Amino acid sequence: MIKNIPFAAMVGLCFTALYFFVALFAPLIAPYGMAEIVGEVWEPASADHWLGTDNIGRDLLTRMIYGGRTTIFIATMGTILSFVTGSVLGFLAAVLGGWADQLISRFVDLVMSIPSLILALVILSVMPVTVPVLIVVMGLLDATRVFRLARAVAVDIAVMDYVEAATLRGEGGAWVIFREILPNALSPLVAEMGLRFIFMVLFISTLSFLGLGVQPPMADWGGIVKENKDGIVYGIGAALWPAVTIATLAISVNLVADWILNRTTSLKGGRG
Amino acid sequence: MHPAMKLVAQRLALGIFLLFLVSILIFAGTLILPGDVAQSILGQSATPEALANMREKLGLNEPPMTRYLDWLGGILTGDLGTALTNGQDIATSIGSRLGNTLFLAFWAAVASVPLAIFLGLVAVRYRDRWPDKLISGITLSTISIPEFLIGYVLMYFVGVKLGWAPTVATIYDGMSLGEKLNAISLPVMVLTLVVLAHMMRMTRAAILNVMQSAYIETAELKGLTMFTIIWRHAFPNSIAPIVNVVMLNLAYLVVGVVVVEVVFTYPGMGQYLVDHVSKRDLPVVQACGLIFASVYIVLNMVADIVSILSNPRLRHPK
């Protein structure tokens, strides 16, 4: 099994695992407390502070570790929410067909016709900006994309003989969705999940950067950029560290998703 | 009626209907959400009198239908209402800012469209060799970093370390075109990088798709050079998908502008919107949201119409 994983996917898998590990055990790994002020403002990197300190003298490495924890947590929860909502609705639309399908699909088209950042800003202007609200808003906005994919995949599966056989022997809608369609639609959905997760990371970072995401004193990667951006014009690169972490995380997850997608298409006898 | 015209008319009607629905969604979206709008504008510590005043000011005491029709009627006649925070007329504030935003987006488009198509052609010409892989690698990494971070990375290296471009994009009315272009050079670069990646990858895919046709093989067998084949045979046939790609990315540009304007403190619509979201200034947010959404929808509609018109099968029916 391990031998069959191509090198690129292996690297991606290792980095992704590393990020999740650090996120899970942040309090044990981080050298200082999250909001602890340990030095001068924007100290350069040293043996005590590997990445230097931030705009009010907190250890930047600690902030990055805790920030990763928040960002990855919100992105993961958002992805789960968008997948559960999107795929259940997508499968339902495919199985029910008719006016129910039309109703859901046209509504999704409508929501997708507005850029999600703009819609998120409009919604967040009247909602309190808290972590649960952010997860729900981002998850539901992103569910529209998952819905499209899930419905497209499920429509193909719903006309298969074995689904017809299940319906003919009298199985209900829940059985058809969870026992017939879901197992067969899982692989494209899992590959898509990686891309949606990355999108969530970029989305929450952007919102936090704009000041409408995670609120201080909590750390997150977008917020770290916002806090340290004033240093840029003095040639202090503290705000650029999130670029490194976000880019490596995004590329690693992409590598894994690519591999899963390739594996599943070759299983179906497509291009290997 | 000409069948192509009929399709275009249908698409136009659909677009207008969509705009109407979106206006409902933006208006209703801020109303049906749980919680009291007046409360969230004023905060938890607001006195009951202040809340009542705010409700009165927002017109929350009137039925939703009346309010929506008032709002829509105002927008259609160019009256966007007044901002809650400073009482200024929204239409006047937006006027100059919209111009600035379009100015920025226009130059980003001028820089990115020819570059993306050229790089797409190069990637197809040297398919699976190092130029293709290099271009794919660079574009893949620019997709993986959010816009605002690309902005700061460029600001740090190009603006501060090299000192080649101003780090803050301040523009005002008295500036000459040259000065303005110098001021927006970094934001334009960021936007170019962001859309370049998508546009170039989609162009590459569109041309590669055409390259599998039989007439390309004929051209190859005639002994034409690779660039002539791509330029004379493949490119004209992939114009429809490419125009589509360009339009979609211009639509994307309109959104990317929001974040990039905040990074470079550029006086445009995006910064105006973000400022007023954090101040919870509802009328401004609704107006800006509707404008951004409309531009996005109109560009998508144009993309569809261009692809209908560029299809010879629809233009010359049997």
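# A guided look at a predicted two-chain model

In this predicted model, pLDDT stays under 50 over residues 267-272 of chain A, and for that stretch the model has three contacts beyond four places in sequence.

Visitor: What share of the residues of chain A count as buried?
Guide: Among the contacts in chain A with a separation of 6 or more, 67% join residues 24 or more positions apart. Chain A has 272 residues, and the share of them that count as buried is 46%.

Visitor: At what angle do the axes of helix 3 and helix 6 of chain A cross?
Guide: Two packed helices are described by the distance between their axes and by the angle between them. Helix 3 (residues 60-96) and helix 6 (residues 131-158) of chain A have axes that come within 5 Å, and helix 3 of chain A passes helix 6 of chain A in a right-handed crossing. The residues of this contact divide into 22 nonpolar, seven polar and two charged. The crossing angle of the two axes is roughly 35 degrees.

Visitor: Does A:Phe199 count as buried, partly exposed or exposed, and what is the reason?
Guide: A:Phe199 has its place in helix 8 of chain A, and its C-alpha atom is separated by 8.7 Å from that of A:Ala250, 51 residues apart along the chain. A residue needs 20 or more other C-beta atoms within 10 Å to be buried and 12 or fewer to be exposed. Because A:Phe199 has 19 other C-beta atoms within 10 Å, the term that applies is partly exposed.

Visitor: How do the residues divide on the side of chain A that touches chain B?
Guide: The contact takes 35 residues from chain A and 40 residues from chain B. Helix 5 (116-124), helix 8 (173-209) and helix 10 (241-267) of chain A each supply at least two residues of the side that touches chain B. The residues on that side of chain A divide into 27 nonpolar, seven polar and one charged.

Visitor: Which residues touch the most other members of the largest nonpolar core?
Guide: The largest nonpolar core has 162 residues. One of the residues asked for is in contact, beyond four places in sequence, with A:Val137, A:Met138, A:Leu141 and A:Leu207, and that residue is A:Ala120. The residues that touch the most other members are A:Ala120, A:Val201 and B:Tyr152.

Visitor: Is the crossing of helix 5 and helix 12 of chain B left-handed or right-handed?
Guide: The axes of helix 5 (residues 90-125) and helix 12 (residues 239-263) of chain B come within 10 Å and cross at roughly 140 degrees. Residues that meet there include B:Leu104 and B:Ala108 in helix 5 of chain B, and B:Leu250 and B:Val254 in helix 12 of chain B. The residues of this contact divide into twelve nonpolar, one polar and no charged. The crossing of the two helices is right-handed.

Visitor: Is B:Thr265 buried or exposed?
Guide: B:Thr265 is found in the loop between helix 12 and helix 13 (269-278) of chain B, and its phi is near 35 degrees, a positive value in a residue other than glycine. Since B:Thr265 has 12 C-beta neighbours inside 10 Å, it counts as exposed.

Note on methods
Residues numbered from 1 in each chain as written. Chains lettered and ligands numbered in written order. Predicted model: local features only at pLDDT ≥ 70, side-chain atom pairs only at ≥ 80, totals over all residues. Axes fitted to C-alpha atoms, helices over the stretch in contact; angles between N-to-C directions. Helix = DSSP H or I, 4+ residues; strand = E, 2+ residues; numbered from the N terminus. Left-handed = near helix turned anticlockwise from the far one by under 90°. Nonpolar A, V, L, I, M, F, W, Y, C, P; charged D, E, K, R; others polar. Contact = placed C-beta atoms within 7 Å. Core = buried A, V, L, I, M, F, W, Y, C linked by C-beta atoms within 7 Å. pLDDT = per-residue confidence, 0-100.
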